[in-house]
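This briefing takes up a helix pairing and some points of backbone geometry, grouped by topic.

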Amino acid sequence: MAAVALAYEQFDSLPDEDCAARIQAAKAKLGKRVVILGHHYQRDEVFRHADFSGDSLKLSRLAASSNADYIVFCGVHFMAEVADILSRPRQVSILPDLSAGCSMADMANLANVERAWKELATLFDPDARVTPITYINSAADLKAFCGRHGGLVCTSTNARHVLERAYQHRDKVLFFPDQHLGRNTAYQMGMSPEDMAVWDFTRPMGGLTRHQIEKAKIILWKGFCSVHQMFRPEHIDAFRTRHPEGKVISHPECSFEVCRKSDYVGSTEFIIKTITESAPGSRWLVGTELNLVNRLRERFREDGKIVQFMSPTVCMCSTMFRIDPPHLLWTLENLASGRVVNRIRVPEDEAAQARVALQRMLDISP
Ligand code: CIZ
Ligand code: SF4
């Protein structure tokens, strides 16, 4: 391996067309040694170079079955961690820009979750009563925590299956970091707001009384995705007034009020499938990240399907947006000259425990 990586600065201001041509050339040179995975929320100029696209569940399965030496993950940090955890030891997982994190994932950390577990232990044995479930949007050490404590990982595609499995073994769930996915899924399963309590991790005992904790079937970590909080019930009301025949579809990271007013609630894969299978000429209001909604709008234009974005303001995931053509090119040209940049590596003991929680999820996912 050559020692010195190409400096990123030389790539920063390259025009898009130059980047695109050089990305193709570097990909061709690397051949089957590289696989590029593109999350649905990636911008088009990056997404078009992906060998496979999908949500984090689909992409993590692809990472696990890939034979490529290099897995270049066009997504955010936790996804590249999952690719590292599920791939073979000789494979290298790469995130083209290390600052592509997830602000929701950052709302839970191991210290806070371990403190919550200890605080629960003052009331009962959490390892006998509570299943910890972490949304895949979380750091690897939280997945490892779930592995150690009989818990699981979930994605927005399989959250319901994962919760159902959890209640077969223990009577409570601690769900982190996204309160909305937890609440919306629990509601779909028939739980009422009285069955849920919100754990404010900035306060002792989550700001809850003993009675509230004893009563709760699901304890929801007070985290959220700021992108999905931009969608408001009034946007749905305005759409329905103008287009009574239209349908509304939202991601479960949206607020409870938005999800309750929607005709359908589900993950990105579910949103894509539902609109794909809808009748030509149908109209959709979609509450999820803008890049995906714009792509759906273009894709279905020919069928006369009208796809509208739910918010009147532009709301993109700014961290997903960090992966741009210059960073992808910089990554690939370094790889093509034998230099690995931005490798994401989860320490093996942590990876082993996280794999347990991920595997429990994969075993029950449809
Ligand atoms: O699981 C994912 O990939 C995310 C973050 C959203 C979704 O619904 O696909
Ligand atoms: Fe994280 Fe929200 Fe961005 Fe998804 S859209 S990566 S949850 S900040």
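A crossing of two helices is called left-handed if the near helix is turned anticlockwise from the far one by less than a right angle, and right-handed if it is turned clockwise. In this predicted model, the crossing of H1 and H15 is left-handed.

**Helix pairing**

- Helix H1, which spans residues 16-30, and helix H15, which spans residues 325-336, have axes that come within 9 Å and cross at roughly 30°.
- Because angles under 35 degrees count as roughly parallel, H1 is roughly parallel to H15.

**Backbone geometry in loops**

- Most residues other than glycine have a negative phi, and most peptide bonds are trans.
- The peptide bond from Phe-176 to Pro-177 is cis, with omega near -10°, and Pro-177 is found in the loop that runs between strand S7 (172-176) and helix H9 (179-188).
- Met-205, a residue other than glycine, has a positive phi near 55°, and its place is the loop between strand S8 (196-199) and helix H10 (210-215).
- Asn-342 is likewise not a glycine and has a positive phi of about 55°, and Asn-342 lies in the loop between H15 and helix H16 (348-364).
- With a relative accessible area of 16%, Asn-342 counts as buried, because the cut-off for that term is under 20%.

Conventions
Residues numbered from 1 in each chain as written. Chains lettered and ligands numbered in written order. Predicted model: local features only at pLDDT ≥ 70, side-chain atom pairs only at ≥ 80, totals over all residues. Heavy atoms only, no water. Axes fitted to C-alpha atoms, helices over the stretch in contact; angles between N-to-C directions. Helix = DSSP H or I, 4+ residues; strand = E, 2+ residues; numbered from the N terminus. Parallel < 35°, antiparallel > 145°, perpendicular 65-115°, else oblique. Buried < 20%, exposed > 50% of the residue type's maximum accessible area, 1.4 Å probe, protein only.
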